[in-house]
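Colleague: Hi! Could you walk me through this model before I start on my own notes?

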Amino acid sequence: MADTEMKAVEEKKVEDAKEAEKSTKVPLTPAQEIKANAALIERAVSSFEPRFTHRVLRTLTSLKKRLDDKALREVIEELYANDASTKDSLLSWLPAASSSDATMEVDSSAAKPAPTEVVPETEIYLRLLLIHYLLSSESTYKKAIDLSRETVQKIQALNRRTMDPIAAKVWYAVERAFELGGELADARPLFLAAQRTASLRHDDETQASLINRLLRSYLHYNLYDQADKLVSKTTFPTSASNPQYARYHYYLGRIKAVQLNYTAAHTNIQQAIRRAPPATTAPGFYQAVHKLSVVVELLMGDIPERSLFRHPVLEKALTGYLDIVRAVRSGSLSQFQTALTTHASQFTADKTRTLILRLRQNVIKTGIRRLSLSYSRISLRDICVKLHLDSEEDAEYIVGKAIRDGVIEGRIIHEKGWMECGGLKGGYGPEVIDVFNRRIMYCLELHNQSVKAMRYPLNAHRKELAAAEGAREREKELAKELQEGGDLDDDEPGLGEGF
């Protein structure tokens with residue numbers, strides 16, 4: 001008992017020590033984190049283990065938000081102390097250092113050990129960080145484009161397979177630089193040439209990244225036919241990461257939605273939502289996918305769930321789309337036009353305005369259906385007034401199409417200018433009897449089919465037959481004994497005369 005208590009006390013002390021270490025652990029500065037990543041990249045190159053490079057790239061999202069010129073300058077000067085040409089080339093993309101920073105760097109550099117030779121992958125990684133740093137300010141977009149061109153040329157000149165994971169991230173930064181600089185069309189030849197090269201080398205990571213870059217470039221300029229041809233001519237790598245797959249399915253959903261293939265678009269959008277990073281990690285992509293999902297569901301005739309619009313990440317972003325959903329659900333064309341006019345700039349920026357304009361027919365059909373349920377006879381003029389249509393000819397055409405599509409039951413009397421609705425039926429009559437008769441026949445047929453489909457254990461009836469036969473034989477034997485036997489007292493042995 002005492003030993004058990006001693007072990008429990010010792011385990012508690014160890015846990016307390018671990019918690020104290022975690023609480024006292026100081027987070028790394030950006031410069032220290034970059035140096036640690038450079039060491040991991042060198043280890044990955046020397047051991048041919050790409051998992052170390054992937055570990056470095058997983059920290060890119062959080063690291064690029066904390067970058068500054070001081071941290072980048074410190075790392076570059078420390079790593080390339082013996083390589084003046086590379087150091088000067090990298091430092092030229094940073095703003096000039098102040099005099100106080102220069103004196104501090106001179107004082108600190110005296111105590112540092114002599115650095116070893118740096119692998120080319122580390123230089124490309126630093127260039128990637130420099131591109132992201134230059135993209136943080138609108139005034140440096142032009143420098144980011146120039147640095148991107150130079151980095152691409154360097155990657156192609158080095159042609160190292162250990163550089164492929166970093167190159168895949170570089171292509172995303174290149175595309176972002178050209179897009180923010182307004183020159184995305186100029187980057188398309190670079191993407192096409194690099195995609196062909198990556199396909200020949202079976203570089204799945206770079207190939208997946210470049211296919212997404214090309215699709216984004218085509219959709220940015222509304223070149224949906226070219227994007228569809230690219231999808232049909234290429235095969236997306238099956239070993240691509242989930243974020244790349246999420247982007248690919250999102251772009252496919254946009255293409256299919258424009259092509260009126262709403263079922264395929266909805267399937268791809270759901271795949272993008274499942275593979276997407278958490279909402280807190282990538283809120284922009286999460287919002288974009290759900291905006292397109294809401295519009296596609298409305299075009300399919302469904303109404304999105306109300307809880308979707310209460311999500312903390314989506315509540316503010318989907319405000320305009322909630323107004324559209326309310327208009328479609330109520331069938332109010334005036335409410336639809338008001339929502340479309342109020343949030344026109346948002347829909348244009350989201351590139352969903354053309355799809356939302358298609359919802360006008362859905363709104364009109366919903367309004368006509370509500371009118372057919374409310375009136376047994378209504379004039380085409382009243383339909384124009386209630387649905388805010390332009391003329392009675394438009395109302396007649398829309399009502400006729402709704403009757404033909406089966407949205408409502410009724411007929412148009414052109415001579416008198418009204419619509420008779422046949423959707424309201426009485427509670428009694430031969431039609432109701434026929435309906436109930438069909439339901440009863442369906443239930444009976446379902447019962448018969450269920451009985452036929454029932455399964456029983458094999459040879460179970462034989463066991464019952466054997467048991468029944470045994471019972472009958474026992475009954476016969478008992479009856480025979482009763483017939484043959486006389487008084488039961490006579491069968492008993494004598495008890496003696498003296499009893």
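Predicted model: local features only at pLDDT ≥ 70, side-chain atom pairs only at ≥ 80, totals over all residues.

Colleague: Thanks. How many aromatic pairs does the structure hold?

Modeller: Six. Rings of Phe, Tyr and Trp (its six-membered ring) pair if their centres lie within 6.5 Å; planes under 30 degrees apart are stacked, over 60 edge-to-face, and the rest tilted.

Colleague: Why is the pair of Trp171 and Phe191 edge-to-face?

Modeller: Because the planes of Trp171 and Phe191 are at 75 degrees, with the ring centres 5.8 Å apart. The pair links distant parts of the chain, 20 residues apart: Trp171 is in helix 10 (residues 164-180) and Phe191 in helix 11 (residues 188-200). Helices (H or I, at least four residues) and strands (E, at least two) are DSSP runs, numbered from the N terminus.

Colleague: And is Trp171 buried or exposed?

Modeller: Trp171 is buried, at a relative accessible area of 5%, and Phe191 is buried too, at 0%. Buried is under 20% relative accessible area, exposed over 50%, and partly exposed in between (1.4 Å probe, protein chains only).

Colleague: Which residues form an aromatic cluster?

Modeller: Phe236, Tyr245 and Tyr248 form one. The charged end of Arg275 sits over the ring of Tyr245, 4.3 Å from its centre. For that, NZ of Lys or CZ of Arg must be within 6 Å of the ring centre and within 35 degrees of the ring normal. Arg439 has its charged end over the ring of Phe436, 5.6 Å from the centre.

Colleague: Switching topic: what does Ala208 touch?

Modeller: Leaving out residues up to four places away in sequence, Ala208 touches Phe236, Pro237, Ala240 and Gln244; contact means heavy atoms within 4.5 Å. Ala208 lies in helix 12 (residues 204-220) and is buried at 1% relative accessibility.

Colleague: Nice. Where does Thr352 lie?

Modeller: In the loop between helix 19 (344-350) and helix 20 (353-357). Thr352 is buried, with a relative accessible area of 3%, and a polar contact of 2.9 Å joins its side chain to that of Tyr321. A polar contact is a pair of N or O atoms within 3.5 Å; within protein, one must be able to donate a hydrogen and the other to accept it, and residues adjacent in sequence count only if both atoms are side-chain atoms.

Colleague: Last one, the sheet. What order do the strands have?

Modeller: The order is 1-3-2, in an open sheet of three strands with antiparallel pairing. Strands pair if DSSP finds at least two bridges between them. Strand 1 (377-379) and strand 2 (410-413) are the edges, each pairing on one side only.

Colleague: How many bridges join strand 2 to strand 3?

Modeller: Four, with strand 3 covering residues 418-421; Ile412 has Met419 as its bridge partner, and Gly410 has Cys421. Strand 1 and strand 3 pair over three bridges, and Ser379 stands opposite Trp418.

Colleague: And which way do the side chains of strand 3 point?

Modeller: Trp418 and Glu420 point one way, Met419 and Cys421 the other, and all are buried.

Definitions and conventions: Residues numbered from 1 in each chain as written. Heavy atoms only, no water.
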